[in-house]
Amino acid sequence: MNLNQKPKLTRRSLLCILFLFGAASLLILLTLPSGSMYGSQTDWYCQHVTLADYMRKHFYATGQLLPDFSGLGGGTNFFALSYYGMLRPDVLLSYFLPDISVAAIIQGYAVFEIFLGIFLLYYWLYKKGLTDTSCFCAGFLYLCANCLFQAHRQIMFVNYLPFVILTLIAIDQQAESMINSFPQKTRTNMGIVFSYLMILFHSFYFFPACFASCTLYYWFSTQSLCKVYSKVPRRFIKLWSGYILSTAAAVCLSMAVLLPTGLAILENKKDVAPTPLYKILTVNPTMDSLLYSVYGCGLTLICLYAILLSIRRKSTRSFACILLCFLFFNIFYWILNGTLYVRPKSLIPFMPLILYLTALTLEELKARRIRHSLPLALCCLIPVIIQILFVSHDNQFKILMALDGLCLVLFSASGSICKKRKLLAQGLAFLLILVLPAKIYLNKSGREEYVSATDDSRSTFSDSQILKLCKDSQARMDTLERPYTNSNYMVWGTQNRSSIYSSVSNSTYNQFYYDTLRNSISNRNRVAVTMHSNPFQEYLMGVRYIQTTKEQLPAGYRIKAEKNGHVLAENDQVLPLAYGSTSLISEASFDRLTYPQNLDTLVNRTIVPDSVASNSSAYQSQMKPYALPENFFARKSTKKQISITRNLPKNISASQLLLVSFDVVYDGASDISVSINGIKNCLSGSNAPYPNQNNTFTYMLSSEKGLSNLDLVFSKGNYKITNITAYTLPLSTFHHPGIVTFHNQGTKGSELLKGTISMDQDGYFVTSFAYAKGYQAFIDGKEIPVQTVNKAFAGFPLKKGAHEIQLKFHAPGKRAGLLISLIASCGLLFESLAYSILAIRHKKRILHRIRVVTFTDPISGKSRAFIKTNSPRISRADFKMNGGNPSLTGKSD
């Protein structure tokens, strides 16, 4: 067989691939309930689909492919949303298919990527010389991996996997070319560049782990050359420089998105539970980085057994040992997760390497080139036993894990003890590789809460109806129905709203929203800024329009449209999006106020920096204590959820607001919650990765009909309610006395506001855009610095008189990122053209520069002449071209 000849896919190979496609389709159909979308109700629907839909609407409204500013979350850097696929192929494809829903496109792309991953894995392993049987086994383990559960939940956890495999294929090609003919010049590998670029566009968060995985494989593939050239620094550097250059090129090409996104992440902190040092430095005895977990690779024991057997094989010993260390030691999880936490999801990019070792081991076991090891099989049972005893609470899943362990032991024993029972070994292999992984996958994926295909939670009112009623397109519109699901939903592309649910968001705004305004926290984390009735927030943020149910309609809002108990309502008395203010209070004076007196002060004064608050004026809070009975929040049982209605000691009129607050004492592992009139507060348990630290529950209650009783819902759990306080406040106090109207004109490009204002005295220009780096303010054409007002928003001082105002936002790092991407693109184009020209010149010189190389046959002693072109190097390709035998030794003349 010629050394350069690679195996081609046969008819049998194609049939195996088609069978794998059919098996993947069957598993999807078996897990998907009738009439459901291939996506979960949690993160998939409210984040991935909704934000992609918003990106499409924003593109249609502005024509900007890489916009700077988003109206979500009180106004935020648009690159805070890039994690959800700003330049991902399925999102870009949706821009060209306006008549097809974004949900349908994302579902189709997720299924396509599963098929693509199966094909590329099979192709890669087959090209490495493995048999169809081994490739089929690896492909089936891939499609049954529990990490693919994330294909319909957190899609960026796995949507890059096909491109990791594509990178491995490109690495093989580069390694082969270097082994056959060591390069004289360093150049980029376009296969590696493209694959890494696609990984970055799909999931830049997982890129460090993907790079670690592919770099480990690159070292393994070029291990023989590394040993040869380790003593020749020049060649050793050249061995790695092409790969590093290709990686750097991919990173530079993505800088248009990567740089502004990175700066947005660094600007905002994330509420993550601190990881103890002992946890970082210890090991993971459950091995859930590899076994069963949907937040790990989700593979089965046969893969762990294959890794351990690979350590016994000299050719793969170092590779398998390093891979096992990544899977076993917590410090690698911590590093690859960006030092945020110790979670095994960062090891998912190593799954193709694990499956490669599995396929190689199965092939060598079948060919009896290596032997089974019963002691190693018994060692594999340790993490399974730990998971069964201490981790899993699902009895059915415990049985499946126990069966997986039992089959592995019998499989190993059948090969090491009962060598003649070939049929038994094949049957156990069938169970280990096909039946049990499929059953475990169905067990995990079957528990997902899928979105109904007929979901109409957002279609009560059509977009055209909402646009017709919301005449002020710059005023905010929020949705109080299903706040978690609808936190990112935008009716039109340039809509402004208060809520946001994104992994990256404005931390200053988040702190103000929950800690100052005391909004209820209905989720186990603070990542999601969800909407609940809070008159202070609605007035201050200029929430003029809301969509809610008739029963939850806050006081002050007038119904504009009603349908099946759902209403669209308007309150034209809220503050505008931007205005001038002459009623000021210094930040130091405001900070001395305590809850709840600081709340009504906030809607009657503008908080400005201490150094410029010379004309600040005092405000007397109108809060009045309201006495609730001590047993008002008493419950009969802690072991089940309880719903009760309690009468208030004194009725609350429609012109009053009732504030209720209490502390919750709890140290359990599970989340607990208390709801009042549909407003829910939650305290996350000790096992939450992003604890919300919501130890004080606060509720803002009002109604157009007044309040005579409260509907209470207590979750189960052993928690105590203490320090109950209640206050009332007249709704008439929601009236800022020093407002000066800003006359807004049309905006374009990066402009957020453009208009005129006439101040009757010195004051401040105030917006309800959350403050962040990137704002530019111009007064009468002169740029001035933007300051923080009202604790979290953009504003600046304004002198007495008439002024022209302009406010812009430029995402920090965007221009520099675009420049780097442009330079990288030009560099790659120049390199391609240069090498193309050199290749043409090389072909022309072949006819004029011929070297003659003679080889002496050591057996016959005769010399043979070989025609060699214009290069002093002799490659295997030259032997093939001239019909030579690569094993012959000789000398060149």
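This is a predicted model: local features need pLDDT of at least 70, side-chain atom pairs count only at pLDDT 80 or more; totals for chains, interfaces and linings use all residues.
**View 1. Helix 7 packs against helix 8.** Helix 7, which spans residues 190-203, and helix 8, which spans residues 207-221, pack at an angle of about 150°, and their axes are 10 Å apart. Because angles over 145 degrees count as roughly antiparallel, helix 7 is described as roughly antiparallel to helix 8. On the side of helix 7, the contact is made by Tyr 196, Ile 199, Leu 200 and Ser 203, while helix 8 contributes Phe 207, Cys 210, Phe 211, Cys 214 and Thr 215.

**View 2. Phe 115 and its contacts from elsewhere in the chain.** Phe 115 is placed in helix 4, which covers residues 102-127. With a relative accessible area of 21%, Phe 115 is partly exposed. When its neighbours within four places in sequence are left aside, Phe 115 is in contact with Phe 21, Ala 24 and Ser 25. Ile 17 lies 98 residues away from Phe 115 along the chain, yet the C-alpha atoms of Phe 115 and Ile 17 are separated by 9.3 Å.

View 3. In the pair of Phe 119 and Tyr 123, the ring centres are 6.1 Å apart and the planes stand at 25°, so the pair is stacked. Both Phe 119 and Tyr 123 lie in helix 4, where they are four residues apart, about one turn of the helix. Phe 119 counts as partly exposed at 31% relative accessibility, and Tyr 123 likewise counts as partly exposed, at 27%.

**View 4. A tilted aromatic pair, Phe 326 with Phe 332.** Phe 326 and Phe 332 form an aromatic pair that is tilted, with 4.6 Å from centre to centre and 40° between the planes. Phe 326 counts as buried at 14% relative accessibility, whereas Phe 332, with a relative accessible area of 26%, is partly exposed.

**View 5. A cluster of aromatic rings.** Tyr 83, Tyr 84, Phe 157, Tyr 160, Phe 204, Tyr 205, Phe 206 and Tyr 295 are linked into a cluster by ring pairs.

Note on methods
Residues are numbered from 1 along each chain as its sequence is written. Side-chain values use heavy atoms; hydrogens and water are left out. Axes are lines fitted to C-alpha atoms, for helices over the stretch in contact, and angles run from 0 to 180 degrees between N-to-C directions. Helices (H or I, at least four residues) and strands (E, at least two) are DSSP runs, numbered from the N terminus. Angles under 35 degrees count as roughly parallel, over 145 as roughly antiparallel, 65 to 115 as roughly perpendicular and the rest as oblique. Contact means heavy atoms within 4.5 Å. Buried means under 20% relative accessible area, exposed over 50%, partly exposed in between (1.4 Å probe, protein chains only). Rings of Phe, Tyr and Trp (its six-membered ring) pair if their centres lie within 6.5 Å; planes under 30 degrees apart count as stacked, over 60 as edge-to-face and the rest as tilted.
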